[in-house]
Amino acid sequence: MSCNINENKEEFVKLLKSTGREGVDDVIEELERLGFFSAPASAGHHLNVEGGLVQHSLNTCKAAFAIWEGMKALEPSLDTEVKKESIIISALLHDVCKADIYKRSVKKRKNKLGQWEDCEGYKVSYKDFPMGHGEKSLVVILLSGLELYDDEMLAIRWHMGAWGLNQNSFEDVRNYDTAQKEYPLVAIIHAADVMAANVMERTGEEMDEL
């Protein structure tokens, strides 16, 4: 699976700027510096290709809109409780933590005949800024100068759901549980991230390996 890097970047920037949020230009400049627009979304799973991270971010945004629209029929309060601009910002920026962790490398993998062969891929390195996942995204965004509302910060911090928890931390568990209940955006972005990675971005090759 390949990505149209220029087309996706244009769509991403246009969508982010449509929020009219102060600091958008600064965060886009920081994403450019970090290599966000050419980074893969993973090292060996969904969209592990050049430009995959932007594609995943756009997919997450589209999934979040679909979830929001669908849920409003069941819970009308979401129409005012969750803002469209907040969905855009949280979905597009939830994974900026990945912009600088993937480094090009040569890997070994089995071909269809079961033989090992060299192939180009990515390895993961956290040495540039070892801050974690959701929390790193949040720090990078805030340091770039983009203003965020509380629900946006929490949606980005907890977008991994239970996978982003330290299960040995009572505080982590209580904070995550409270964030989900108090701010519906948290649950929407997590669900959208899961749907994007596991449904929208799955490939035939991955299905064959199950």
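The model is predicted, so local features need pLDDT of at least 70, side-chain atom pairs count only at pLDDT 80 or more, and totals for chains, interfaces and linings use all residues. Residues are numbered from 1 along each chain as its sequence is written, and side-chain values use heavy atoms, with hydrogens and water left out.

**Exercise 1. Aromatic pairs**

Count the aromatic pairs, then describe the one formed by F12 and F36.

Step 1: Apply the rule: rings of Phe, Tyr and Trp (its six-membered ring) pair if their centres lie within 6.5 Å, and planes under 30 degrees apart count as stacked, over 60 as edge-to-face and the rest as tilted.
Step 2: The count by this rule is 4 aromatic pairs.
Step 3: F12 and F36 make a tilted pair, 5.3 Å centre to centre with 50° between the planes.
Step 4: Helices (H or I, at least four residues) and strands (E, at least two) are DSSP runs, numbered from the N terminus. F12 belongs to helix α1 (residues 5-17) and F36 to the loop between α2 (24-34) and α3 (52-72), so this pair ties together parts 24 residues apart in sequence.
Step 5: Ring pairs join F12, F36 and F37 into a cluster.

**Exercise 2. W158 and Y176**

Classify this ring pair and decide whether each partner is buried or exposed.

Step 1: The ring centres of W158 and Y176 are 5.5 Å apart and the planes stand at 50°, so the pair is tilted.
Step 2: W158 is in the loop between α7 (150-157) and α8 (170-182), and Y176 is in helix α8, 18 residues apart.
Step 3: Buried means under 20% relative accessible area, exposed over 50%, partly exposed in between (1.4 Å probe, protein chains only). W158 has 5%, so W158 is buried; Y176 has 10%, so Y176 is buried.

**Exercise 3. The surroundings of S125**

Locate S125 and list its contacts beyond four places in sequence.

Step 1: S125 is in the loop between β2 (116-124) and α6 (134-144).
Step 2: Contact means heavy atoms within 4.5 Å. Beyond neighbours within four places in sequence, S125 touches D100, I101 and K103.
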